[in-house]
Amino acid sequence: MSRKILFVLLMALLTATLMAGCGNEKTQPAAGMIKVETQKVQEKSEAIEVSLQIPVISGLRDTSLQTELNDTFAQKALELKKNLEAQAREDQKNQGELFHTYSVVTSFTVPYNKNGLLSINVEYGTYTGGAHGMTYRETLNIDTESGKKLQIGDFFKPDENYRMLVTQEIKKQIEANRDMYFPDALDTLKPIEQDQPFYIGGDDHIVVYYGLYEIAPFAAGMPEFKIPAAHPQAG
């Protein structure tokens, strides 16, 4: 067999081997490619106005977890819409001309998405009359490499009493702006729990927050406290 024919056969075999290997390879998203896009739902009727902005994550290595998270975001928003729609129709029937259109609004922000960490704040708001509506917030903090959902203790060393440290810092910040909070806020503030709501605010801090009316009047919104903290090792 000539060298030319042998060379052609070897190249063909090598090409076939490489193609077979590529077909079985599981591709992974490149680092930093986590995206959070928006699914919108807009509806309007005499009974209710609906404006939903639902986060949709893409790029997680764990696609099963990604589907679970996206399904949860959608289900919570749509369930809120469904329940308020039913209430609006019932109240419209009972109140007649006195009825005013209800509304449901959801929105989200992504305060942090880098260094293997992702933080998403989702706010759920409803209005059924009166001076103002009501809003609550839920936050997802996740290690995008391992898929671990992060709690506040993950941002402190194992031997640190983070509950005491964070609570003391919150009290210090309340003391500096007493007029923003209820008069008894310092006396009634309890040490934070492991599931204390927070989001990742930057490379060197987290932001602990409280819901409406928890420690301050409505005008203060959801009080937030910037807390110095180290990031957990991604992965």
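## Stop one: the cavity

Begin by selecting β2 (48–58), α2 and β4, each of which supplies at least two residues of the lining of the largest cavity. Helices (H or I, at least four residues) and strands (E, at least two) are DSSP runs, numbered from the N terminus. You are looking at a predicted model, where local features need pLDDT of at least 70 and side-chain atom pairs count only at pLDDT 80 or more, while totals for chains, interfaces and linings use all residues. Residues are numbered from 1 along each chain as its sequence is written, and side-chain values use heavy atoms, with hydrogens and water left out.

Now show Gln-53, Ile-54, Pro-55, Phe-73, Ala-77, Thr-106, Val-122 and Tyr-124, the residues that line the largest cavity. On a 1 Å grid over the protein atoms alone, a cavity is a set of points where a 1.4 Å probe fits but cannot get out; a pocket is an open set with protein on both sides within 12 Å along at least five of seven lines; lining residues have an atom within 4 Å of a point. Which strand gives the largest share of this lining? That is β2, with three residues. By class, six of the lining residues are nonpolar, two are polar and none is charged. (Ala, Val, Leu, Ile, Met, Phe, Trp, Tyr, Cys and Pro count as nonpolar, Asp, Glu, Lys and Arg as charged, and the others, Gly among them, as polar.) The space inside is about 30 Å³, a volume being the space filled by probe spheres set on the points, with grid points joined across faces, edges and corners.

## Stop two: the pocket

Next, select Glu-138, Thr-139, Leu-140, Asn-141 and Lys-149, which lie nearest the centre of the largest pocket among its 23 lining residues. Its volume is about 430 Å³. Colour the lining by class and you will find eleven nonpolar, six polar and six charged residues. Where does this pocket lie? It lies between domain 1 (34–150) and domain 2 (151–234), because both give residues to the lining; the domain bounds come from an automatic or database domain assignment.

## Stop three: the sheet

Finally, select β6, β7 and β8, which form an open antiparallel sheet in the order β6-β7-β8. Two strands pair if DSSP finds at least two bridges between them. The edge strands are β6 (198–202) and β8 (224–228), each pairing on one side only. Zoom in on Ile-200, whose bridge partner in β7 is Ile-206.
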